[in-house]
Amino acid sequence: MLGGTNHFLRRFSTAATMYYQNKLKLALIGQSLFGQEVYRHLQKEGHKVVGVFTVPDKDGKVDPLASAAEKDGTPVFKFPRWRVKGKPIQEVLEAYESVGAELNVLPFCTQFIPMDVIDRPKHGSIIYHPSILPRHRGASAINWTLIHGDRKAGFTVFWADDGLDTGPILLQRECDVGPNDTVDDLYNRFLFPEGIKAMIEAVQLIADGKAPHVPQSEEGATYEGIQKKENAEIFWDQPAVALHNWIRGHDKVPGAWALIDGQRVTFYGSTLLDSSVPPGKELVIQGATQPGLVTKNGLVLFGNDKKMLLIRHLQFEDGRMIPASKYFSRDEVSTVNLTEEEKKMAEDIKSIWKGILSNVAAIEDSTDFFKSGASSMDVVRLADLMEEHQEELATIEAIDSGAVYTLALKTHVGMSVQTFRYFAGWCDKIQGTTIPINHARPNHNLTFTKKEPLGVCAIVIPWNYPLMMLAWKSAACLAAGNTLVLKPAQVTPLTALKFAELSVKAGFPKGVINILPGSGGLVGQRLSEHPDIRKLGFTGSTPIGKQIMKSCAVSNLKKVSLELGGKSPLIIFNDCELDKAVRMGMGAVFFNKGENCIAAGRLFVEETIHDEFVRRVVEETKKMKIGDPLDRSTDHGPQNHKAHLLKLLEYCEIGVKEGATLVLGGRQVCRPGFFMEPTILTDVEDHMYVAKEESFGPVMVISKFKDGDIDGVLEQANRSEYGLASGVFTKDISKALYVSDKLEAGTVFINTYNKTDVAAPFGGFKQSGFGKDLGEEALHEYLRTKAVTVEY
């Protein structure tokens, strides 16, 4: 597509990042969270931002870029425009010239900047553009990437000229586009995080005199205008994939629409549907080749090729958004029919909206979240949470446990949904076996086994993944035919209570699912002692697990499964793919704020790559954003509660006192809340407290081992009394399999980490407990086997 420029198309690599001496004086011209992050990283790299030129405050709301610069004392200029009738405004030019910039950096700039400003600095101007130029020039480039069904997306940093996105290319990055990716997916996964890195790299290339100027070819160049609502109507005489691309390309802004019953209805959340036609009620859509179907999962639409797509949400002209599955019952969806708890939740959600939409006098049921001033890069989409339970649960989880909302939506809630769907498939597939036995003449015998439910089961779950731990155990328990009494953690009971409400709506009979909040010492202890409970499943600490096991034995020998503490080793050999090891090593430790049972409790890094690994991890960890878990740009939310934060601080202090080197962090973040700095400890030796005990927080513990000493590092890794998970990074598959065979852990990750799946059994060895969650094996934890022998 780019002809001679293809060799400049490359992915960002941490190997390309290093400390440079050459620095520039920069003017930043732009806005948004993206601009704010570019600003912060440029400052961190030692460049001098001499001026920030952004937009005026809107309804009292300061742009994020302006907010960050003002806090630093950087000069900020807020011009509504740069020129009038094509001519520059003189006072604006004078203000710009006063800062003396050597380079203009324009991240996501939406203003028309005169060439007097573009060409003024010594090094000119560079601009970020969300497309692999020359493909899709124009402001809606990323939308058109999806509309056209491109298999590749990406961005370009180019030199500004007097054309529209036609200047020479400095660097580009590309990523794959999935069949159901949305603009938000591409933005969050690639355009935002990798775009920030690329802008910093581009500035440094210029500072070092190494920046290329690759002329754009006209071959393959396109220009599509900014999409407006009136131009986003769906034309139905197309294949399903074309309809899907049109809808997802317009998702959120401006929204693809069609006429239904004479009203403009906007479609959101499109996915391709590869299955038989589901049952549903026909919905006539003006111009469609055949009626849509309102099904339990959403609105099914048909292309002219008879293939299908599924729409999750519909929005009406008054701004009201509903699940598409509720189209025919939409008039019943109102606060009049809500329970008292739902009404309270609705008011809570409105208060969150009010904190975001400071320019809106009152939040009503019909308030359009995005039209009122919110944007996808500022906040998580909170629209219509009362009707969209997945988003509601993720919000509750973020508020209750401190989990970052995006992680809560994908992992805490997303995997919970997957788990229930997986075990629902097992309900009618539980079966015994027929067993050949000795037929002592003249007798003839038939022996078979039956799998039976245990009866009443108790489940006690922890506070790090409140909803997901509920799902992992409850789904298998219910699929096996039991009833359950579940005690959520005392500090995170809210999603369990919401789950109880949803179970009633799903039609579970009374008494099948019972949620019993309270303290472990009281409620948990009574459950482990109760004579009518036949099974107890527990996830938590090893000391509590031992107490539970003892109580279960003394009371009625009830069946027990325990998923307990961990100190999971992660071994990184010098023949690994280092970029991947750095990225996944960070995830292995810092995922979910380190409050993760399988977190890599100790990293063993081979000697020759140890220093480079540590340098890269420190560099990347510094880029993590710590803050409000409801802010979608946040990487790391608060620790769950104060006592845990204090324990983490003490853990780091002990490590340093015993001789470990504190490379990064180790302190509480200076802001309200229980925020812990991501921490890195090196030079950790086997005798140290931090080498043996689990932190259960964002603390990376690194030990060095001698090159080639495979058996030695295995001996160190297995010295722990825990055996929940483990990991190894190496390109040598023989070495990887040898290590996986020797590691004493219930799960071994090879060249990956945290890759759990609902179909794969999960559980530990040694003092990490016994029994399995997930997969077919989890069912057997909630079943008993009866052997039946018949003589015939």
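This is a short chat about a few local features of a predicted model.

User: How many disulfides does the count come to?

Analyst: The count comes to 0 disulfides. For Cys457, the nearest cysteine sulfur belongs to Cys477 and lies 4.0 Å away, and a disulfide needs the two sulfur atoms within 2.5 Å.

User: And is Cys457 buried or exposed?

Analyst: Cys457 counts as buried because its relative accessibility is 0%, whereas Cys670, with a relative accessible area of 83%, is exposed.

User: Switching topic, at what angle do the axes of helix 15 and helix 16 cross?

Analyst: The axes of helix 15 (residues 578–590) and helix 16 (residues 607–621) cross at roughly 60° and come within 10 Å, which means that helix 15 is oblique to helix 16. The crossing of these two helices is right-handed.

User: Which residues in helix 15 meet helix 16?

Analyst: Helix 15 contributes Leu578, Asp579, Ala581, Val582, Met586 and Phe590, and among the residues they meet in helix 16 are Ile609, Phe613 and Arg616. The residues of this contact of helix 15 with helix 16 divide into 8 nonpolar, 1 polar and 4 charged.

User: Which peptide bond is cis, then?

Analyst: The bond from Leu133 to Pro134 is cis, with omega near 10°, and Pro134 lies in the loop between strand 7 (125–129) and helix 5 (141–147). His136 is also placed in the loop between strand 7 and helix 5, with a positive phi near 55°.

Methods:
Residues numbered from 1 in each chain as written. Predicted model: local features only at pLDDT ≥ 70, side-chain atom pairs only at ≥ 80, totals over all residues. Heavy atoms only, no water. Buried < 20%, exposed > 50% of the residue type's maximum accessible area, 1.4 Å probe, protein only. Axes fitted to C-alpha atoms, helices over the stretch in contact; angles between N-to-C directions. Helix = DSSP H or I, 4+ residues; strand = E, 2+ residues; numbered from the N terminus. Parallel < 35°, antiparallel > 145°, perpendicular 65-115°, else oblique. Left-handed = near helix turned anticlockwise from the far one by under 90°. Contact = heavy atoms within 4.5 Å. Nonpolar A, V, L, I, M, F, W, Y, C, P; charged D, E, K, R; others polar.
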